[in-house]
Amino acid sequence: MATLHCTVVTPERAIFEADADKITVPAWDGEIGILPRHARLLAKLGVGVLRITFQGKTEEMLVDGGFVQVADDKVTVLTDKATDLPDIDVKGAEKRLEELRGTGQGEEFAAAKHRLLTMKRVKDRFNRS
Amino acid sequence: MAQAKVLLKRKKSVQNTKKITRTMEMVSTAKYKQSFQRIHASAPYQEKLREMMSDLASAGAEVSHPLLESRPARKSLVLVLTSNRGLCGGYNTNLNILARKLLLEERAAGTEVELHVVGKKGNSFFRARQERITAQYDHFGDQAGFAEVNELAEEFIRRYSSGEIDRVTIVYQKFVSAGRQAPAAETLLPLGGIVLDQEDAATDGPKAAKNYLYSPDPDSLMRELLPAYFKTTLYNDFLQAVVGEHLARMVAMKNATDAANKLIKSLTQLYNRARQSQITNEIAELMGGVEALK
């Protein structure tokens, strides 16, 4: 069966590399599922869970912005920050939100709020499972 | 015995110094390797980003962004990357001199200059020369993380986009190869030159036209990619500077160790000679005493 060669890269280093069967990326406007022979794609990422299924296992991590490129069954995820689910820093996001509150930066505030809510949701779901 | 004793003492002291410099040399070698690894590890991200940008450019994405706009510089910002610690030869001095030259040049051209300094060594240099340091960062240490550099980069992007500053120049130790590093002054913002180079490469390449799905549209993607590119460039400069620092210290400490070795050798010779002449003297005295008793 065809596989996708998947790499997750941060500015500091490549943190993940494997031949995957399926990848779900949190694009800026919703999740995108990528299977082998996917069309070439270049998309911006939002905040959310990146899911990589390979060898019957699923690797999950929270990414916060970045880009994904799909070309010739090679998937490259570029992100500033990828966090393992147990290490999600909800407190940090809360603090950031409070900092922005009332600064008149409406757009940034909304983005920070969205980020916090997503992080909370992901973390809660992880804690329950 | 006095002279020989003094020589012996000096030799011991040099030997102790040598132990220290030798250890520092080894520590720097290890740190250099580590920091070099970090440059190496960070390369894929930048390469990928470049690739995406050139793909986008060849797809006809409009390349216009506040970060690319070049304006006549009324106010410019100079960022100097120095180290927190010394004992690394001319590393900091060379960087500071270059930065100072740049400051004077820009002022002569009628530009208002804001000086940002990373590292304690730059701070003391410019303070001694009564330069106004607008911002001082000592927290980067020799392990600059992306998150910290990112904060700085975002601040620059914000101020550049809002027109508060018209140019950002960085002075840092450029890493060319393990044998060659040199202080360099490069314009970070506007991004202009760097990005255009990449486009030329893209149009020449065989993969000039690729059919991509874009989300969002190419123009917006380009607007997102450019700041990311700027951030990695800045991060990369930090990494290069750190490698340069360790290499400079390594060389300085190696020279110090070599000098100590030489000194020890000549001191040993001097000591032996002094000891020998002392023994000769003593024997002569003894013989004189024996002669006198006869």
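Chain A splits into domain 1 (4-84) and domain 2 (88-128), with bounds taken from an automatic or database domain assignment. Their C-alpha centres sit 22 Å apart. Keep in mind that this is a predicted model: local features need pLDDT of at least 70, side-chain atom pairs count only at pLDDT 80 or more, and totals for chains, interfaces and linings use all residues. As for labels, residues are numbered from 1 along each chain as its sequence is written, while chains are lettered from A and ligands numbered from 1 in the order in which they are written.

**Between the domains of chain A**

- Six residues from domain 1 of chain A and six from domain 2 of chain A make the contact, where contact means C-beta atoms, placed from the backbone, within 7 Å.
- On the domain 1 side, β5 and β6 (57-71) of chain A each bring at least two residues; strands here are DSSP runs of E, at least two residues long, and helices are runs of H or I, at least four, both numbered from the N terminus.
- β5(A) gives the largest share of that domain 1 side, three residues.
- That side of domain 1 of chain A has three nonpolar residues, two polar and one charged (nonpolar: Ala, Val, Leu, Ile, Met, Phe, Trp, Tyr, Cys and Pro; charged: Asp, Glu, Lys and Arg; polar: the others, Gly among them).

**Where chain B meets chain A**

- 21 residues of chain B touch 19 residues of chain A.
- On the chain B side, α1 (2-58), α4 (146-161), β6 (213-215) and α6 (218-293) each supply at least two residues.
- Sorted by class, the chain B side holds 12 nonpolar, five polar and four charged residues.
- β5 (residues 41-54) of chain A pairs with β6(B) in the parallel sense over three bridges; pairing takes at least two DSSP bridges between the strands.
- Leu42(A) stands opposite Tyr214(B) in β6(B).

**Chain B itself**

- Chain B has six helices and six strands, running α-β-α-β-α-β-α-β-β-α-β-α along the sequence.
- With a radius of gyration of 29 Å, well over the 19 Å that the globule rule gives for 294 residues, chain B is more spread out than a compact globule (the radius is taken over C-alpha atoms, and the rule is 2.2 Å times the number of residues to the power 0.38).
- The C-alpha trace of chain B spans about 115 × 45 × 30 Å along its principal axes.
- Chain B is divided into domain 1 (2-31 + 255-293) and domain 2 (40-249), and the C-alpha centres of these two lie 51 Å apart.

Methods:
Contact = placed C-beta atoms within 7 Å.
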